[in-house]
Each structure stands twice: as C-alpha cells, then as structure tokens.
Amino acid sequence: MKNTYFLDSMRAQEKWRVEDSINLLPSENMTSPQARALLSSDFVNRYTLPINAEYAGEFLENSYRGTRITTDVELKAEELAREVFKSKFACVQPLSGHIAAMITIISTTKKNDLMCAIASENGGYDGYGPAYIPDIFGLRAGTLPFDADNFNLDTQVAADQIRKQKPRLVILGASLILFPYDMAPIREACSRSGTTLVYDGSHVLGLIAGGEFQKPLKEGAEILYGSTHKSFFGPQGGLIVTNSKEHDAAIRKNLTWRIVDNVHWNRVASLGQALLEMKRFGPQYAKQVIRNSQRLGRELKDRGFPIMFEDLGFSRSHQLLMDVKELKAIYGLGINDFSIRMEKSNLIIDSGGRLGTAEITRLGFKEKDLPALADLFIEAAKGKNVKSQVKAMRDRFDMAFRLR
Ligand SMILES: Cc1ncc(COP(=O)(O)O)c(C=O)c1O
C-alpha cells in the first residue's frame with residue numbers, strides 16, 4: 001500500500017463529500033473549522049481518568065498527571081451543555097448516541113424490566129429492538145402504539161398501554177422523526193405507573209438546543225440524550241442531560257469502567273466548541289432548518305415529487321419523508337436504486353426514504369435557495385447527471401452559524 005494511501009483518501013473524501021456534493025442525509029452535518037481543528041489537536045493523544053470516577057466506593061483523584069487543561073475542558077463543555085439545554089446536570093462522556101442510550105438505559109432499569117420504544121418499522125431506532133440493547137442488558141423490549149396517518153405516537157392508546165403494562169422505561173424519539181410528540185398524556189401515564197420517561201433526541205438535538213421542535217425536559221422527560229452530530233452540528237459523539245440529581249448520580253456510576261473508559265478528549269473539546277456555537281446561533285439555526293424542510297417539501301411536491309404529509313406541513317424537523325411506493329411508480333426504481341442514482345449526481349441521500357436539511361442549513365441555504373435545489377433534485381431523479389450544476393451550487397455556500 002502507498003505510504004500516502006490514507007492521506008490521499010482524506011483528500012479524495014474532502015473533495016467529494018465537502019467540495020463537490022450536497023448532503024441531504026439527516027444523520028449528518030458539518031462541524032466548524034474550529035471544531036475540526038480540535039479533533040486533530042493534542043487532545044487526541046491524551047488520557048485522563050474521567051473526573052467523578054469511583055473506585056471501590058471511594059472518589060478517585062485523577063491518576064494521570066498533565067491533565068489540568070483536559071479536566072477544565074470537560075467541566076466547561078458540561079457547563080455549556082447545561083446552559084444550552086437548560087438542564088441542571090450534563091454529561092459529555094458518551095462516545096456516541098448509542099453509548100448515551102446504553103448509559104441511560106442501564107442507569108434506569110434492572111434485569112428483566114420492560115422497556116418500550118417506537119418500533120423500527122415506524123422509524124424507531126433499531127438499537128432498541130429485542131436483539132440489541134435490551135438483549136445485552138437482559139431487558140424485555142416492547143413497542144409503543146403508532147399512528148401511521150399522522151406519523152406520530154398514537155398518544156392515548158400509548159398512555160393506556162403504559163398504565164396497563166407499567167414498563168420500567170419508556171423511550172421517546174426516533175431515527176425517522178417528523179413531528180413532535182404530545183408528551184403530556186405520556187408523562188401522566190408514566191408518573192402514575194412508576195415508569196421512567198426518557199427522550200432519545202439523537203436526531204433532533206440541534207433543534208432542541210435551539211429551542212425548537214419540542215422541549216423534552218420541560219414536557220416531562222426525566223433524561224434527554226442523543227448524538228451530537230446529526231441536527232446538532234458537533235463532532236460524532238453523544239451527551240446526556242437531566243434535571244434529576246438521582247438520575248445524574250446513577251449515570252455517573254455507569255461511566256468509568258462500565259460503559260466507558262477513555263472518552264476521547266479531542267471529541268469533548270470539539271463538542272465544547274460546537275456547544276459554544278450552538279449557544280450563540282442555536283435559535284436562528286434551528287428555525288432555519290425547519291423552514292428549509294418545509295420549503296423543500298413544498299418545492300419538491302409542487303414539481304410532482306412524492307413527499308409525504310403535505311397536509312401536516314410536511315415536517316417540523318430536519319427531515320422529510322418520500323413516499324417510496326409512489327417513487328417506484330414515477331421513476332421505476334426502488335429507494336435503494338434511487339439513492340444510488342442520486343449519488344451519481346453527488347446529491348447524497350439514504351435508502352430509508354428520508355431527506356435531511358440540517359447540513360444544507362449549516363452551509364447557509366435559506367428558503368430562497370430551495371427552488372433551484374429542487375430543480376436539480378428532480379433532474380437527477382429523472383436520471384440526468386447534474387454533477388456539475390450541483391458543484392456550482394455547492395460553491396456558492398461556505399458555512400453559516402460560525403464564530404469568527
Ligand atoms: C434515534 C437514534 N438513537 C440513537 C442512535 C445512535 O447514535 P450514534 O450513531 O451516534 O451511536 C441513532 C443513530 O442513527 C438514532 O437515530
């Protein structure tokens with residue numbers, strides 16, 4: 001292998017995915033130059049035994065030397081997370097959204113307990129299925145009733161089910177998430193049933209940080225957690241916030257030597273920077289993401305493209321959903337082949353039928369830019385290669401919502 005294989009790959013990746021493409025994946029975003037610089041800084045080389053670690057019931061001082069700055073970076077990142085999410089406690093140690101979910105679940109359940117989440121066929125996160133996290137922790141996995149017509153929880157039926165089944169844990173939030181939940185009836189059912197209600201905000205964390213979509217902690221979730229790199233424009237990683245001292249203490253006990261050891265201090269520093277950016281720009285950014293989703297939905301639909309839930313305004317998140325049956329009828333392609341066709345024009349989408357507006361918003365796209373994007377999207381959908389036009393459009397944007 002060439003000595004420069006990986007560096008060459010990096011350059012090829014940057015050219016393709018940053019310079020030449022427009023990314024409509026809802027799971028991704030772009031970090032600022034400062035957040036990226038922190039990822040490749042000396043923090044990437046260093047260890048520190050995370051503060052709050054306990055050993056045999058005793059608080060353990062940091063056993064590494066040279067950690068003064070890293071420790072302060074963690075404290076500052078936590079402080080910012082508390083400010084941005086208006087929470088009493090914050091933890092920036094989870095290495096990803098999945099790890100944040102594992103920490104939250106193990107901190108709120110015991111073996112054989114029932115946990116209920118949205119089923120993956122309704123857009124729920126696959127990791128909550130019986131073969132995954134519940135299996136690892138010896139939990140029983142249930143699902144929450146779903147109203148497919150409104151693409152939301154079937155709230156009253158779900159509340160009744162919670163009262164009857166009395167699960168130990170209910171998780172709201174999903175991978176395909178268009179509309180906020182009506183949390184009050186769920187919260188009420190949970191508090192009557194001794195059920196802990198938590199919110200997996202992996203997808204909508206950037207919207208929540210900006211005060212949009214919904215306010216899970218205010219609306220009754222005891223813990224909010226998620227990925228920091230989807231609608232939240234930080235590095236890949238996770239975080240957990242809560243107002244409960246008891247939950248925070250339980251979470252802390254499940255960090256060092258249980259679910260994490262080294263928590264990647266370059267990621268924590270980079271997340272701190274993203275939190276700083278979110279504190280400054282969050283409300284503006286989150287509102288623009290949602291306006292962009294609604295406008296892109298409108299522009300695509302007006303061009304005959306099958307975007308669902310027009311009568312509900314298409315979306316209140318960073319996502320849109322395609323009607324894959326109609327897509328097949330119009331273009332003769334299943335969603336997987338369709339996503340491959342779009343990639344040939346450097347319009348990057350997934351094979352789940354979702355479109356995402358978080359990254360284009362981070363780049364600076366506003367409503368006025370979306371008719372032209374919809375035109376290119378439709379040309380590509382018909383099978384025309386519009387790579388060069390996509391590149392020309394991409395070149396007009398740099399990055400918005402960034403500190404100078
Ligand atoms: C709802 C939800 N929760 C958790 C995760 C896992 O997050 P991560 O990929 O950051 O581990 C995902 C990932 O897509 C997700 O969509």
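Let us start with how the chain folds back on itself: among contacts in the protein chain with a separation of 6 or more, 76% join residues 24 or more positions apart. Here two residues are in contact if their C-beta atoms, placed from the backbone, lie within 7 Å. The model is a predicted one, in which local features need pLDDT of at least 70 and side-chain atom pairs count only at pLDDT 80 or more, while totals for chains, interfaces and linings use all residues. Numbering runs from 1 along each chain as its sequence is written.

Now for the overall outline. The protein chain has 404 residues and a radius of gyration of 22 Å, which agrees with the value near 22 Å for a compact globule; this radius is taken over C-alpha atoms, and the globule rule is 2.2 Å times the number of residues to the power 0.38. Along its principal axes, the C-alpha trace spans about 65 × 55 × 40 Å. You will find 15 helices and 15 strands in the chain, where helices (H or I, at least four residues) and strands (E, at least two) are DSSP runs, numbered from the N terminus. Buried residues make up 45% of the 404; a residue is buried if 20 or more other C-beta atoms lie within 10 Å of its own, exposed if 12 or fewer, and partly exposed in between, with C-beta atoms placed from the backbone.

Next, look for domain 1 (33-275) and domain 2 (282-395), whose bounds come from an automatic or database domain assignment. Their C-alpha centres lie 29 Å apart. Where they meet, 19 residues of domain 1 are in contact with 19 residues of domain 2. On the domain 1 side, helix 8 (residues 205-209) gives the largest share, 3 residues. That side has 12 nonpolar, 5 polar and 2 charged residues. Ala, Val, Leu, Ile, Met, Phe, Trp, Tyr, Cys and Pro count as nonpolar, Asp, Glu, Lys and Arg as charged, and the others, Gly among them, as polar.

Inside, the largest nonpolar core holds 103 residues, and Ala-81, Val-170, Ile-186, Leu-239, Ile-240 and Val-241 touch the most other members. Such a core is a set of buried Ala, Val, Leu, Ile, Met, Phe, Trp, Tyr and Cys residues joined through C-beta atoms within 7 Å. Helix 10 (residues 265-302) supplies its largest share, 13 residues, and each domain gives at least three residues. Beyond residues up to four places away in sequence, Val-170 touches Cys-116, Ile-162, Ile-186, Cys-190, Thr-195 and Leu-197.

Turn now to the ligand, which 15 residues surround, the closest being Ser-96, Gly-97, His-98, Ser-175 and Ser-227; a residue is near a molecule if its C-beta atom, placed from the backbone, lies within 6 Å of it. Helix 4 (residues 97-106) provides the largest share of this shell, 3 residues. By class, the shell has 3 nonpolar, 11 polar and 1 charged.

Pro-216 sits in the loop between helix 8 and strand 11 (223-227), and counts as buried because 28 other C-beta atoms lie within 10 Å. Lys-86, in the loop between helix 3 (68-84) and strand 4 (89-91), has a positive phi of about 50 degrees although it is not a glycine. Most residues other than glycine have a negative phi. Lys-86 is partly exposed, as it has 14 C-beta neighbours inside 10 Å.
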